[in-house]
Amino acid sequence: MENAIKNYDLHENVRSFVPRTHKHFIGGEWVESASAQPFDVKDPATGRVIARCASGTKHEVDLAVAAARKAFDEGPWSKLTPSERSKAVWKIGDLIDAHNTELSQLEALDNGKPVGVAAVADVPLAGDIFRYMAGWATKVEGETIPISVPYAPGAQFHSYTLRDPIGVVAQIIPWNFPLLMASWKLAPALAAGCTMVLKPAEQTPLSVLRLAELIQEADLLPPGVLNIVTGDAAAGAPLAEHPHVDKVAFTGSGEVGRLIAKAATGNFKKVSLELGGKSPTIVFPDANLEQAIGGVASAIFFNQGQVCCAGSRLYAHQSVFDEVVEGVSKIAKNIKVGPGLAAGTELGPLVSQEQFERVTGYVEDGRNNGAHVAAGGSDNGSDGGYFVDATVLTKVNSEMKVVREEIFGPVLCATPFTDDDLDAIARDANDTNYGLAAGVWTQDLSIAHKMAKKIQAGTVWVNCHNIFDASLPFGGYKESGWGREMGHEVLKNYTELKSVCMAL
């Protein structure tokens, strides 16, 4: 495994950390699997094995949940003051920033994304969410509510609400933004006073395991507050249905989201789901086309298109359609494809062979059903890696799979519109089972505000795309999920509301 990374210029901590057989992190200790054999972790740029990780089963999940249960029910985490929790959460954010280089390299090596992108986006955003949520630890508040009781005239009551931490949380995260998605889950849960069992995606466990190692070395959390079980569905399924878990937070596919929702019915645990998307990007004829073309390209090609809110459906007015498609296609043809750790890489490999076959299969299906390939349309032919060219498809319609289904790759489906009726444009944008995000490109404030109102999506970006901030709630309508990540809204995911009524 050491030979698989020898040609990369890596931080010494990364070079020593990666080629191990990694263990679970349970109750503050590193624990091997009792029975299952370790699984391989591959570099998507080469297809070579770079590490092995312990395969979790129900046994390891039971141990992790028990550790989290003990830490919550008996303390000391649940007995800390909000201020003490706040300090610990803040320090985790600073810890992430201090180790930017190695965490960025782990993301690039494990996921395939360009290391430069991870260094300025993934890692800083991960650190920022911890500091933002640290501030909320001391502001999880209730309200005083005056009440009038018709059947008790003259009686006086003092009524108020409390927000309690929900308890033990199961958190299951995807492979597209491993460290950031873990941070989106961990930071608010910690701020609220919960304990947790986190399962990273089996394709990309390394950055989360390194974060746990850093937290342990810095002695920031008591044993059992943070537990990590690695593996596939053999770990995910028993975690989602575990009777001693109080809440499941999941980010991933709709297919798995449905399974998790069903599994949670055993003890009616709370569930939040951030699922897929098929986000529209709408370019009006008055848009600044230079900005719009760059924005449309970034919306779909960022992170190899492996983004739940990627702008995968382009609707451009007929009068500017050709210019927009030509501009985006030019960017697609000139984008630099390469390993995530290579200098200047703009488009890295897809995360796995499975994802490679999925994306190329969709492109082929589109071509077979009449779509025109304006750019890309094939794998990149790199030796052993899962590379796919940035692709632009035209002559598509709303019945095609490439338009209706989430591809999760760098594939844009472009359609012109001629109607000036905003309701008609919105109907096309909303013609999807998803409702995660949308982009609107116009210089007309009236159009911008009207479209933001009409589009059925949790986030509407105007003259921008993929702008995230810890204070801005993120989540979806329809089959894009339940609940919101980030902002103060996310605290509802990790707290229970209690009403107290006192007769005076």
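**View 1. Strands β12 and β13 run parallel and are joined by four bridges.** Here β12 covers residues 280-283 and β13 covers residues 313-317. Strands are DSSP runs of E with at least two residues, helices are runs of H or I with at least four, and both are numbered from the N terminus. Two strands pair if DSSP finds at least two bridges between them. Look for Thr281, whose bridge partner in β13 is Leu314. Both faces of β12 are covered, with Pro280 and Ile282 buried on one side and Thr281 and Val283 buried on the other. Buried means under 20% relative accessible area, exposed means over 50%, and partly exposed lies in between (1.4 Å probe, protein chains only). In a regular strand, side chains alternate between the two faces of the sheet.

A word on the model: it is predicted, so local features need pLDDT of at least 70 and side-chain atom pairs count only at pLDDT 80 or more, while totals for chains, interfaces and linings use all residues. Residues are numbered from 1 along each chain as its sequence is written, and side-chain values use heavy atoms, leaving out hydrogens and water.

**View 2. Leu95 sits in helix α3 (residues 82-98).** Leu95 counts as buried because its relative accessible area is 14%.

**View 3. Ile145 lies in the loop between α5 (115-136) and β6 (157-165).** With a relative accessible area of 36%, Ile145 is partly exposed.

**View 4. Asp419 is found in the loop between β16 (411-417) and α14 (422-429).** Asp419 counts as partly exposed because its relative accessibility is 38%.
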